[in-house]
Amino acid sequence: MLNVNSITKVFDPGLVSEKVALNRLNLTMAEGDFITIIGGNGAGKSSLLNAIAGKFFCDAGTISIAGNDITAFPEFKRAQWIGRVFQDPMMGTASNMTIEENLSIAIRRGKNRTLNWGIGKGEKELFYDQLRQLDLGLEERPRAKVGQLSGGQRQALTLLMATIRKPKLLLLDEHTAALDPSTGRKVLELTNKLVSEENLTALMVTHNMRDALAFGNRTIMMHEGRIIADIRADEKKRMEVDDLIALFEKSSKSALANDRMLLG
Amino acid sequence: MLEIIGNAVSLGILWAVLAIGVYVTYRMLDIADLSCEGVFPLGAAITARFISQGGDPFLACLLSILGGGLAGAVTGIMHTRLKIPILLSGILSMTGLYSINLRVLGKANISLLRIPTMYSKFQGVSGVGSSAATFAVGLAAVTLIVVILWWFFNTELGYSLRATGNNVNMIRAMGVDTDTMFMIGLIISNALIGLGGALIAQKQSYADIGMGTGTIVIALASVIIGEVLFGRNSVLQHMISVFLGSIVYRIIISLILEIDFTVPLFGRSFEIAVEPTDLKLFTAILVAAALSLPVLSKRIQARRALSARGEPKEEGAADAKR
């Protein structure tokens, strides 16, 4: 499904602030894989997601998705295969537009926009059904501006928008980190439900080790722009948070100085 | 007095075309496009030159629309393809257009006195007075524009354009080329501004190389006055507010010109008769005041919250709920 082949990205090359974000990184995902990504700050987790989404072009390496080489594709062209949810709840929706207008944009992800009405025949009913699944009461006010919603509601809506047209790949970049714990939990459960019901292929960055182990069928650990561990099905099921920390310290040859990663 | 207001209303209707054009970039795309100051006289110049040589005044408007759209495309190419910041792209267009406008006019100004315009033609057909003709033609033009824009902003393409002004991140993630959206928006906006120039040139029966100065501020004043007085809940309401804002602005301006102010200063009183040349200063102050309103109201709120410390804040309560 996804094939990331030896990609490298250096930010600010030649400057004092030079930073190797991705270092000859390889990753292959099969259809239906749900991978959680963990790693310290600056390990390159978000950079990996941004490289796949086309936020920037890589200095070297290739990326292909569903058999298409997308290495040279700009961000908007990759959107036909990729659904995304960002860390910042403000980033995934248009706040001045209504819930149904946002969903209408989402259901046309990757398609050519025409002069047909923005909300097509039968779509209002479809949106109603989809919104009801979120269990937030949003289906009763499709004409409310998204800016009036809370962070959690917006993130749930963004999740629906990313998946309403089934993506080949779903990218989740710490999408619950900016929410309060109980809302974050709800959004995470919703994520899990959507991914398993639709059998989505998904990459989820998280800071929470327990979540990383609890969700998905694979966990990858990143350090200094590389994948230092790839924990699969059975091994993952047996693993505890302490094992994960031990593995990290062994693989990265550095102690976990990041409290945020341990908590939860 | 009634006549003054009547004139102000019909002028306001004509200037609303400019205001709605600026609204498209300023509010829908969230960019400040200064090419307006060159495109407005471009529209006027094209129309004046064309009519003065015996051209049809309606066809003249069409040419002004095309000219404006073309200028918008040039600004758009500078901004999207050459990555020149929008403010600078607009200034470059505006500066370049000064020379082009002089070429189009052939001299510093063209008078259209005793030359048939849309308004005089309409008067001839309908038999109404001059100010009623302005009113009718202007209202027809604005209604047509608002209806077409309302339709456009509710199409798939229109949704994408609105989302581009709202959140580039989101709309790119949804597969829309934001550069194309900026191009479309700039073309529509400047086509309307060109038409605005054409309507005003025919109304005042002349086109002048200097008539673009301050148009962006006039348009912003109309947009902001409209929003404050009439709201902006939906796209349609927003456009109608801008239209009404333009009329209110003209009424304010004409009243200010009528009134002599007495300003007490240092224990003496100064008589100030506002001259038409003072209006640009007044408009600039008005827009600066309106634009600073959000900051000022936030400060006032903060001060209130500070003095009412101890009581539960509404905002915090709403956050905790979710």
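Start where chain A and chain B meet: the predicted model has 15 residue pairs in polar contact there, both residues at pLDDT 80 or more. A polar contact here is a pair of N or O atoms within 3.5 Å; within protein, one must be able to donate a hydrogen and the other to accept it, and residues adjacent in sequence count only if both atoms are side-chain atoms. As a predicted model, it is read with pLDDT of at least 70 for local features and 80 or more for side-chain atom pairs, while totals for chains, interfaces and linings use all residues. For your selections, residues are numbered from 1 along each chain as its sequence is written, chains are lettered from A in the order in which they are written, and side-chain values use heavy atoms, leaving out hydrogens and water.

Now select the side of chain A that touches chain B. Its biggest contributor is α3(A), with five residues (helices are DSSP runs of H or I, at least four residues, numbered from the N terminus). In total, 39 residues of chain A are in contact with 25 residues of chain B, contact meaning heavy atoms within 4.5 Å. About 2,800 Å² is buried between the two chains, 57% of it on carbon and sulfur atoms; that is the accessible area (1.4 Å probe) lost on putting them together, summed over both. Show Phe76(A), Arg113(A) and Leu115(A) next: they supply 23% of the area that chain A buries against chain B, more than any other three residues.

Two salt bridges run between the chains, where a side-chain nitrogen of Lys or Arg sits within 4 Å of a carboxyl oxygen of Asp or Glu. Pick Glu101(A) and Arg162(B) to see a salt bridge with N to O at 3.0 Å.

Over to chain B. Arg27(B) and Glu227(B) make a salt bridge, with their closest N and O atoms 2.6 Å apart. Arg27(B) is in helix α1 (residues 2-28) and Glu227(B) in helix α10 (residues 215-230), so this pair ties together parts 200 residues apart in sequence. Glu227(B) is buried at 9% relative accessible area, while Arg27(B) is partly exposed at 25% (buried is under 20%, exposed over 50%, partly exposed in between, with a 1.4 Å probe and protein chains only).

How values were computed
Helix = DSSP H or I, 4+ residues; strand = E, 2+ residues; numbered from the N terminus.
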